[in-house]
Amino acid sequence: MRQKAVSLFLCYLLLFTCSGKKKSSEDSGSGFWNALTYMAVGGGLAVAALPALGFTGAGIAANSMAASLMSWSAIANGGGVPAGGLVATLQSLGAGGSSVVLGKIGALLGYATHKYVDSKEAEDEE
């Protein structure tokens, strides 16, 4: 679990360092590479997030965030985890190995983050 947490932290640092300000207006071709970096990191984080939280192919890992979420959900719903709920959906995604779908969602979120950061930089320059 600690290795996964360290990996997520390193991915966050990579994402943070790639969001630096542009050096000059002549560097207009870097927009593609910045977007690609955000998409790659976002996709990687999305794929790694469920197992890191404890939603694995073998079930919910003991003493993980997923176990705590499952316990909270069971208590809130009178002793059982509801079908179609958040915990059940996340466990289904974690067990189903649908990393392609999660990667696409993460890449989309990474691209949206890139556009947001880019627009903030444009506002700051004005």
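Which helix holds Leu 36? Leu 36 is found in helix α2, which covers residues 30–53. The model is predicted. The protein has five helices and two strands. From the N terminus on, they run α-α-β-β-α-α-α. Of the 126 residues, 21% count as buried.

- Phe 32, Trp 33 and Leu 36 form a nonpolar patch on the surface.
- Together, these three residues have about 360 Å² of accessible area.
- Leu 36 has a relative accessible area of 39%. Leu 36 therefore counts as partly exposed, since that class lies between the 20% and 50% cut-offs.
- Ala 48 also lies in helix α2.
- At 34% relative accessibility, Ala 48 is partly exposed too.
- Ala 48 and Gly 94 are 46 residues apart along the chain. Their C-alpha atoms are separated by 9.9 Å.

**The annotated span**

- An unreviewed UniProt entry places a "transmembrane region" at residues 36–62.
- In the model, residues 36–62 are 67% helix and 15% strand.
- The end C-alpha atoms of residues 36–62 lie 36 Å apart.

**Helix α3**

- Helix α3 covers residues 65–76, twelve residues in total.
- Helix α3 reaches 16 Å from its first C-alpha to its last. That is close to the 16 Å expected at 1.5 Å a residue.
- Which residues of α3 are buried? They are Ala 66, Ser 73 and Ala 74.
- An α-helix has 3.6 residues a turn, so residues three or four places apart point the same way.
- On the other side of α3, Met 65, Trp 72, Ile 75 and Ala 76 are exposed.
- Just after α3 comes Gly 78, with a positive phi of about 75°.

**In short**

How values were computed: Residues are numbered from 1 along each chain as its sequence is written. This is a predicted model: local features need pLDDT of at least 70, side-chain atom pairs count only at pLDDT 80 or more; totals for chains, interfaces and linings use all residues. Side-chain values use heavy atoms; hydrogens and water are left out. Patches are made of residues with over 30% relative accessible area and no salt bridge: like charges are joined within 9 Å, nonpolar side chains (Val, Leu, Ile, Met, Phe, Trp, Tyr) within 5 Å. Accessible areas come from the Shrake-Rupley method with a 1.4 Å probe; for residues, only the protein chains shown count as cover. A salt bridge is a side-chain nitrogen of Lys or Arg within 4 Å of a carboxyl oxygen of Asp or Glu. Helices (H or I, at least four residues) and strands (E, at least two) are DSSP runs, numbered from the N terminus. Buried means under 20% relative accessible area, exposed over 50%, partly exposed in between (1.4 Å probe, protein chains only). UniProt positions are given in the numbering used here, feature names are shortened, and annotations may be inferred rather than shown by experiment. The expected span of a helix is 1.5 Å times one less than its number of residues.
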